[in-house]
Amino acid sequence: MEEDSHSQSASLKEFYIPSYVLLPDSESETVPDVPRCPVLVFINSKSGGQLGGDLLVTYRSLLNKNQVFDVGEEAPDKALRRIYLNLETLKANGDAYATQIQERLRIIVAGGDGTAGWLLGVVCDLKLSHPPPIATVPLGTGNNLPFAFGWGKKNPGTDRHAVEQFLRHVMNAKEMKIDNWHILMRMRAPKEGSCDPIAPLELPHSLHAFGRVSATDELNKEGYHTFRGGFWNYFSMGMDAQVSYAFHSERKLHPEKFKNQLVNQSTYAKLGCTQGWFFASLVHPSSHNIAQLAKVKVMKKCGQWRDLEIPSSIRSIVCLNLPSFSGGLNPWGTPNTKKSQYKDFTPPYVDDGLLEVVGFRDAWHGLVLYAPSGHGTRLAQAHRICFEFHKGGADHTFMRIDGEPWKQPLPVDDDTVVVEISHHGQVNILATRDCQSKSVRDPSSSPSQHGTEDCQSDDDSSHGGEEHRKFGAAETFKIPEDIDISHIS
């Protein structure tokens with residue numbers, strides 16, 4: 001028994017980071033060998049009912065408590081700012097141990113898709129030359145991000161054995177690149193009222209990045225309200241976002257009713273019925289159908305915008321980056337390129353610089369995804385997407401980013417409301433060996449089918465300047481003037 005305990009303790013040292021690396025001005029320590037897989041752990045203690053809090057306790061008991069963070073107590077950008085600045089100081093003083101910690105560092109984030117997106121946004125905003133790859137623990141309801149990369153969609157165990165097993169998977173995981181997507185929304189300042197996004201009672205974490213730009217920001221335009229943010233899995237608009245909004249509102253009002261994943265999924269299905277998603281043609285105003293609400297344009301190659309024809313019956317549109325939506329379903333599927341309507345389509349790669357655009361009529365249409373080769377209405381694959389809202393089409397719509405919804409007021413007297421989605425580089429993520437997501441870098445893939453690589457750098461700077469290329473998730477991350485950010489690796 002003592003041997004087993006000693007073996008477990010020795011294996012945990014492979015993930016352990018000493019306090020002097022994490023905390024500025026802490027006392028120096030006698031350190032062991034450099035760990036093979038040093039980790040920083042960020043946990044949303046409010047996710048998964050009691051699971052988030054239980055997981056926090058277990059990780060802190062197994063690792064250095066200073067390398068495990070509750071995102072509700074300390075925002076990830078503040079924690080990473082402190083740690084990376086301390087690492088730079090140690091490296092400048094010739095600390096080889098700190099240098100190797102930084103080179104091997106991996107991040108674990110435990111929470112819903114919104115929390116995972118928040119971490120991805122923060123790491124992306126830091127502009128590190130070697131950003132740490134991120135593993136995601138499924139603590140939410142849908143868990144699309146973890147599922148897409150092989151981490152499962154069921155809430156995990158929180159005991160010592162389960163956590164140690166997950167840590168071993170993180171050590172053996174492979175690194176993948178995934179595309180980031182920037183979203184920009186602009187409209188004239190309304191004469192009356194507000195057009196700020198309305199979140200369910202409070203701002204969700206993934207909307208942390210989706211904030212109005214400041215008056216000094218170069219994206220700011222006089223007389224207009226401008227918002228921006230980013231996503232990694234999907235942006236959706238329409239009735240699916242409306243149902244999600246109702247679910248999140250109910251959960252914020254009655255958190256005691258949402259203590260486990262099964263109850264959450266059951267409640268979600270019931271709300272789909274009460275919101276009319278199954279009987280959309282009867283209860284959903286046709287003015288809120290996508291074609292009546294907005295004109296949609298897409299660009300697959302640089303400089304070549306084209307109008308996208310949206311069937312009049314489509315009530316929900318999804319711009320998808322990963323093959324996991326609504327709890328692990330794949331709305332795009334694998335197109336049969338022998339069919340003429342699909343000849344220009346490709347399988348959904350996560351790093352090809354393309355979004356898959358899919359439409360749904362109602363929940364019954366969505367049920368086809370449960371069939372082996374089921375898919376939604378494939379509309380386009382695009383490197384950029386633009387929604388131009390019709391004047392007076394509706395006074396609001398519902399949108400969501402990576403599982404986090406909001407109600408978006410629309411000024412009825414404005415014909416200049418625009419939402420534009422563009423490619424925003426890539427971030428590193430950790431995946432198990434049998435993950436669902438596919439890369440164009442896989443030997444079995446055919447990168448020659450993808451012709452967007454030559455225009456991505458132009459895309460990212462199309463609005464000019466560094467600020468456009470930030471999500472705003474790490475607004476508090478400011479490098480002091482005496483530190484050269486180009487030296488941060």
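Modeller: Start with a term: buried means under 20% relative accessible area, exposed over 50%, and partly exposed in between, with a 1.4 Å probe and protein chains only. Helices (H or I, at least four residues) and strands (E, at least two) are DSSP runs, numbered from the N terminus. This is a predicted model, in which local features need pLDDT of at least 70, side-chain atom pairs count only at pLDDT 80 or more, and totals for chains, interfaces and linings use all residues. Residues are numbered from 1 along each chain as its sequence is written, and side-chain values use heavy atoms, with hydrogens and water left out.

Now to helix H3. In H3, the buried residues are Gly52, Leu55, Leu56, Thr58, Tyr59 and Leu62. H3 runs over residues 51-62. The expected span of a helix is 1.5 Å times one less than its number of residues.

Strand E2 (residues 68-70) comes next, with Val68 in it. Val68 has 2% relative accessibility, so Val68 counts as buried. Contact means heavy atoms within 4.5 Å. Leaving aside neighbours within four places in sequence, Val68 is in contact with Leu56, Tyr59, Arg60 and Leu63, and also with Val41 and Ile43. Leu56 and Tyr59 are among the buried residues of H3. Val109 is 41 residues from Val68 along the chain, and their C-alpha atoms are separated by 10.0 Å.

Tyr59 leads on to the core. A nonpolar core is a set of buried Ala, Val, Leu, Ile, Met, Phe, Trp, Tyr and Cys residues joined through side-chain atoms within 4.5 Å. The largest one has 68 residues, and Tyr59 joins Leu40 and Phe149 in touching the most other members. Helix H6 (residues 113-126) gives this core its largest share, seven residues. Another core lies apart from it, with 35 residues, including Met187 and Phe387.

Beyond neighbours within four places in sequence, Phe149 is in contact with Met176, Ile178, Leu322, Ile429, Leu430, Ala431, Thr432, Cys435 and Ser437.

Compare helix H5 (residues 96-104). Its buried residues are Tyr97, Ala98, Ile101 and Gln102. They cover an arc of only 135° around the axis, so they sit on the same side of H5. That arc is taken from the directions from the helix axis to the C-beta atoms. These buried residues pack against helix H2 (19-22) and helix H4 (76-92).
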